[in-house]
Structure formats: structure tokens, C-alpha cells
Amino acid sequence: MSESAYNDDLLEKELFGGDSDDPDSMSMDVDGMLGMDEADGLGISSADQPDLSEDKDDIKQDTEEKEGSKSPQEPAQPQSDTKTTVTAAVAAPKPDIVMDDPPGELTMLERPARTNAVQVGQGLDKCSVYDIVPTIALVNQYQIHATAATADLRWLYSGGEDGYIRKWDFFATVNGKQLLTQGQRHSLVDSVTKAGVMSSYWDHLDIATDTAGEALSPVYSLAAHSEGMWVASGMSSGHIALWSVRHDEGRRIALLNKHKQPVSVLRTTPDEFGLVSGSWDRAVLYWDLNTGRLARIFSGHTSQISSIEFQPLPAATGTSPLLMTSSIDGQCLLWDVRAPQDEQPQKFGPSLRTPPWATSACWSKDGRRVYVGRRNNTVDEYEVGMGNQPVRTLRLPMNSGPVTALAAMANGRTLICASTDNVRMWDLDPTASKRSAVPFQIIPGHHGGCISSVFVDASSRYMLTTSGNRGWDGASNNVCLGYEIAPLAK
């Protein structure tokens, strides 16, 4: 190998945390997810490219053919400086979405947050270590992109690539009303014996844009009412459907249609009279569910939205929680819903030499810190009010793969990190227990697949992990596992 080739290979390893000769370590199509073509990925601006006037017609024809064959992602953004493109959120183009006139109401500012009657399980908020054991498998033949549940976990909803929304009876599942067959248990760990009890399912039908009828759409996102009154789902066309669940189950009662591309994230507001949606079109929208009107557009992201989560705050504080959003290009923004429409959000930028990639972010249980999963086997920790750079970086093993899902536990010191190889339980304060020099434990169950979500119920007694790529890049083994959680040490 020549000296220049060796230097290029070394630089690639340092930037992306993997071996460029190993196809598994570089399997994620980041440029495709960021909406960049080959020239953009190299940081070549239009001003720096040579003038090929003689072949102008041929180049134009090739460009039109290439754009016609692209997947429905955001258009390429010219970049003259790679570092500026990754970190700057102020210059983000505004989504091509028109506000309703009159606009909807920002319901969470007018109504109190719904009180959650579910209490954390005994000892689960005080212990230092958890015992998390997989015991349940929800049998699926396709990738699962999204899950949602009622507050008491009576009903669980899942949706994925096959275009159906499934409703599971979680109480019957946990009580072992149905067991897995020997063939179903063959590829799972020994502790998984209970099968998911499916109560019902319905077609995820969307109004087709090119025909007069309807067609099945993959379920890219889900959100559920805490008492099981309705379920919202995101479609590939950009539509958001509200489905009746308690009465006339599976009937579409409303269709919200402002987004232009697949809706990747849905989140109910604390008062549950509003809905916040994020899409591949870079837009984050606040919907008033009383009227079905658009109440606000959050403009600031430059890539597809990957996660949305409200800041967890005690009801006694009486303050409005911040809204956290993240996107595929690595940006993480904090929005004050009370602020004017044109006020810029607080931005958490990736640390130096961090690849521009993030499919998951979450709040800590006290609402003071934000965790963002990165492509180079790391999780960045940020503190609200402490600048826009991470205060700490959690580094997973080099062969673990990108961090695709995160969830914080009730004790405030445990973080669930899901990556390609395994699910890990990370101790954020390992010096306090002094149990081991390794700050994490591997949770058995998942192995060798892209994990789309990690869901922990309000009581912190159960956890659910699903395998799927959410319409982006990554392999899936179609496994959906349920875990029982118990306190192990104080």
C-alpha cells in the first residue's frame, strides 16, 4: 500500500471508529440518510467544481436520471465546509409547509399535564443495579418500526414493514396465557418462553396519491392515548392517521396531511390534547387534536427527524417542559414551546471528529441531561444550560456497531444502550458501586440486528425491544422481546 493510500485509510478509521476494510463496521449508508450525493459527501461545493461546459447537456441528463431514481429523502444540501454543515442549525432551510389559518391551539400551554397514576415498582427507583431478564417474544415475520402502549401497559401496539397495526394483550402475555412452540424458541435464549397474545389487528390503509383507492403503508411511527382511546400512526406518504381503539376498533377517524415524506416520529403532548410529529421532510409539527389544525412549525433541522421527547418534569413545578428533537445528521435541538415562532432553539452539537449520525436521543429521568446515540459506538451526554458540547462521552466496544436506541431507567443512573451486537445496561456512576471495572452489563436476548426502539413502561417493571431499521439502513432479525425488571442491589 502506498503512503497516501495508507494515510487515507487511517483517517477514515479515526473519523468513523471502524475498519474501512471491514464491510460490517461501515455498513450504514450515512450519505443516503443525510440526503447527500457523492459530491456532497466529499465536501465539494459547486464553486469548487470544474466548468464542464462541453458536456453540460450530458451532465444535466445524467443528473435528472439520478434524481428520478433516488428514494424519497430530502434534497442534497450544498456544503463548502463540512464542519459548518454538521453543526450549524441557524441556516437550516424552512420546510415547505403552510400554517393553517386560523392556527390550532398550543394545548400544553393552556391545559395541565395529565397525571400519571402508575407508580414506579417497589425499589426500582432506588436500586443501583437491575436484573433484566427476557421472558416474552412477540412473534413477527417482518421488521417492527414502532411501538406504543397505554399508561398501565394493558394494551401494547406495534407496527412495521408489513403495513398492519397489531394490538397485544400485555396482561395475558405476562401471565403466560400462550407459550412459544419449540420451533419458535429455537433461536431465542432459554428464558424466553411466553408468546405474545394478539388481541386484534387492522390494515394500515393510506389514501394513495396516484390512484383513487387506498393502499397499505408501512407503519413508521406510533403514539397512543394513555387510556387507550385512540392510536396515531405515521405513513410513508406523510399522512398521520388517528384510529379509534376503544369503540369501532380500527376505524380511521382523522387524517392529518401536512408532511411531504414519511412520518418517522410521533409523540403526544403532556396534556394529550396535542400531537408532535417529525418527518423525513425535516419538519417538526405541533397538532391541535381538538380541531385537527396545525399549531406550530419547528424549523431548524437539516435532515430527517429521528426522535422527539418532552422533558420529564414533576407536576409540582408548574413549568412547561422543553421539547427535544434529533435528526439523522447528528443535530439535537431543545425547543421552548412558549418562545416566539422565530426564536432559535438551543443546539447540542456533536463532539469533534464525531460522524454526523443519530437515530436516537433521550432525556434523563430528572430532565437535566440529554443522551444522544452516535454512529461511532458512542453516546454523548449533554447537560441543559452547560453549553452545546457534551460533558461526557460513553464509549462502547469498537465492534458493537452504531447506537440505534436509548432509554433511561427510573433510578437516574442506568442507561439502556441498544446497538447492532447487543443491548447494554450502562451504569452512569460506576464509582459509587465499585462492582466492576466495566461500566456496563450485556442484557441477553437481542444479537446481530438493528434495534428500532427500546420502551420502558411507567412503572419500570417491564421493557420491550424491537428489531427494525425504521425505513433507513440496517439489517433486522424481526425479533420483538419483552423483559421483566427487578431490583438487584441497593
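**Strands and their partners**

Guide: In this predicted model, four strands make up an open sheet, running in the order E9-E10-E11-E12 with antiparallel pairing.

Visitor: What makes E9 and E12 the edge strands?

Guide: Strand E9 (221-224) and strand E12 (251-256) each pair on one side only. On average, neighbouring strands of this sheet are turned by 25° against each other, with direction ignored.

Visitor: How do you know that E11 and E12 pair?

Guide: Two strands count as paired if there are at least two bridges between them, and strand E11 (residues 240-244) is joined to E12 over five bridges in the antiparallel sense, so the two strands pair. Across this pairing, Leu242 stands opposite Ala254 in E12.

Visitor: Why is strand E18 (residues 323-327) called mostly covered?

Guide: A residue is buried if its relative accessible area is under 20%, and in E18 five of its five residues are buried, therefore the strand is described as mostly covered. Leu323, Thr325 and Ser327 point one way from E18, while Met324 and Ser326 point the other way, and all are buried.

Visitor: Which strands pair with E18, and over how many bridges?

Guide: Strand E17 (residues 305-310) pairs with E18 in the antiparallel sense over five bridges, and there Glu309 has Met324 as its bridge partner. Strand E19 (residues 332-335) pairs with E18, also in the antiparallel sense, over four bridges, with Leu333 in E19 as the bridge partner of Thr325.

Visitor: What lies between E18 and E19 in their hairpin?

Guide: Four residues lie between the two strands, and in the turn Gly330 has a positive phi of about 100°.

How values were computed:
Residues are numbered from 1 along each chain as its sequence is written. This is a predicted model: local features need pLDDT of at least 70, side-chain atom pairs count only at pLDDT 80 or more; totals for chains, interfaces and linings use all residues. Side-chain values use heavy atoms; hydrogens and water are left out. Axes are lines fitted to C-alpha atoms, for helices over the stretch in contact, and angles run from 0 to 180 degrees between N-to-C directions. Buried means under 20% relative accessible area, exposed over 50%, partly exposed in between (1.4 Å probe, protein chains only).
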